[in-house]
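Visitor: I have some questions about this model. Could we go through them one at a time?

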Amino acid sequence: MFDSAFVFGELLPALNRGLMVSIALIVPASIIGFAGGLALGCLRGFGSPWMRRLGDWYTAIVRGVPLAVQLMMIYFALPKIGIYFEPYGAALLSFIICSAAYHSEYVRGALLSISQGQIKAARALGFTTFQTVVWIVAPQAARRALPGCGNEIIYLIKYSSLAYLVTCMELMGEGKVVASDTFRFTEVFIAVGAYYLVMVTLATWLLHWLERRFRIPGFGAV
């Protein structure tokens, strides 16, 4: 039976609080992670040999270590060497580090798809490597990487639910508290799932709009 007092008096207020925290994690982590991934991808493609190796090692380590372990290391292990983060800061830093690594792979793939003729033409016109990357390569790579990076943002929305592991009370954390207090696991987690579904649907719509807005002329749907 539908219990309106529980839903509107306890469940939805708690989930709405958690939703605000989730959004406060997802939005900056998406933006900074994408920017970091774009820079890292360009560095791996056009940096000096030692910079490329450093970028490759960073990406390999971050992609190889589960996000839950990264969260635990930042929140629980770093204080052992005198570095402290609040729960929100630890979760946000973990998401940015992880997102940047995955975005860099999409960007690197996009870089490989760009014709070398354009780069040689820029060099012939007197462009430096930095100018070539900033004005010719990076804008095209960002456009071509957008579908893959958009997929990573969708993943970020869903794995933001791990923030509760470091006591950052986002949507999943608030739901777990309500479920543990009331033992109404079915209602709570159906509602939590619905919240995530709505966020993913809205993000998917926005990302599709961005893909259409910034697509390379002559490619894709009209």
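Visitor: Is Ala68 buried, partly exposed or exposed?
Guide: This is a predicted model. Ala68 sits in helix α3, residues 67–77. Buried means under 20% relative accessible area, and exposed means over 50%. Ala68 has a relative accessible area of 27%, so the class is partly exposed.

Visitor: How far apart in space are Ala68 and Phe185, C-alpha to C-alpha?
Guide: In sequence, 117 residues separate Ala68 and Phe185. In space, C-alpha to C-alpha, the distance is 23 Å.

Visitor: At what angle do the axes of α1 and α4 cross, and what is that arrangement called?
Guide: Two packed helices are described by the angle between their axes and the distance between the axes. Helix α1 covers residues 4–46 and helix α4 covers residues 87–112. Their axes come within 6 Å and cross at roughly 40 degrees. That angle makes α1 to α4 oblique.

Visitor: What is the handedness of that crossing, and how do the contact residues of α1 with α4 divide?
Guide: α1 passes α4 in a right-handed crossing. The residues of the contact divide into 18 nonpolar, 9 polar and 3 charged.

Visitor: What span does α2 reach, first C-alpha to last?
Guide: Helix α2 runs over residues 49–64, which is 16 residues. At 1.5 Å a residue, 22 Å is expected. The model comes close to that, with a span of 22 Å.

Visitor: Which residues of α2 are buried, and where do they lie around the axis?
Guide: The buried residues are Gly55, Thr59 and Val62. An α-helix has 3.6 residues a turn, so residues three or four places apart point the same way. Seen down the axis of α2, the buried residues fall within an arc of 75 degrees, so they line one face of the helix.

Visitor: Which residues of α2 are exposed on the other side?
Guide: The other side of α2 carries the exposed set. These are Pro49, Trp50, Arg53, Leu54, Trp57 and Gly64.

Visitor: What is the phi of Thr167, and where is Thr167 placed?
Guide: Most residues other than glycine have a negative phi. Thr167 is partly exposed, at 44% relative accessible area. Its place is the loop between α6 (129–159) and α7 (171–182).

Visitor: Is Phe183 buried or exposed?
Guide: Phe183 lies in the loop between α7 and α8 (185–214). Phe183 is not a glycine, yet has a positive phi of about 60 degrees. Exposed means over 50% relative accessible area. At 64% relative accessibility, Phe183 counts as exposed.

Notes. Residues numbered from 1 in each chain as written. Predicted model: local features only at pLDDT ≥ 70, side-chain atom pairs only at ≥ 80, totals over all residues. Heavy atoms only, no water. Axes fitted to C-alpha atoms, helices over the stretch in contact; angles between N-to-C directions. Helix = DSSP H or I, 4+ residues; strand = E, 2+ residues; numbered from the N terminus. Parallel < 35°, antiparallel > 145°, perpendicular 65-115°, else oblique. Left-handed = near helix turned anticlockwise from the far one by under 90°. Nonpolar A, V, L, I, M, F, W, Y, C, P; charged D, E, K, R; others polar. Expected span 1.5 Å × (residues − 1). Buried < 20%, exposed > 50% of the residue type's maximum accessible area, 1.4 Å probe, protein only. Arc of directions from axis to C-beta.
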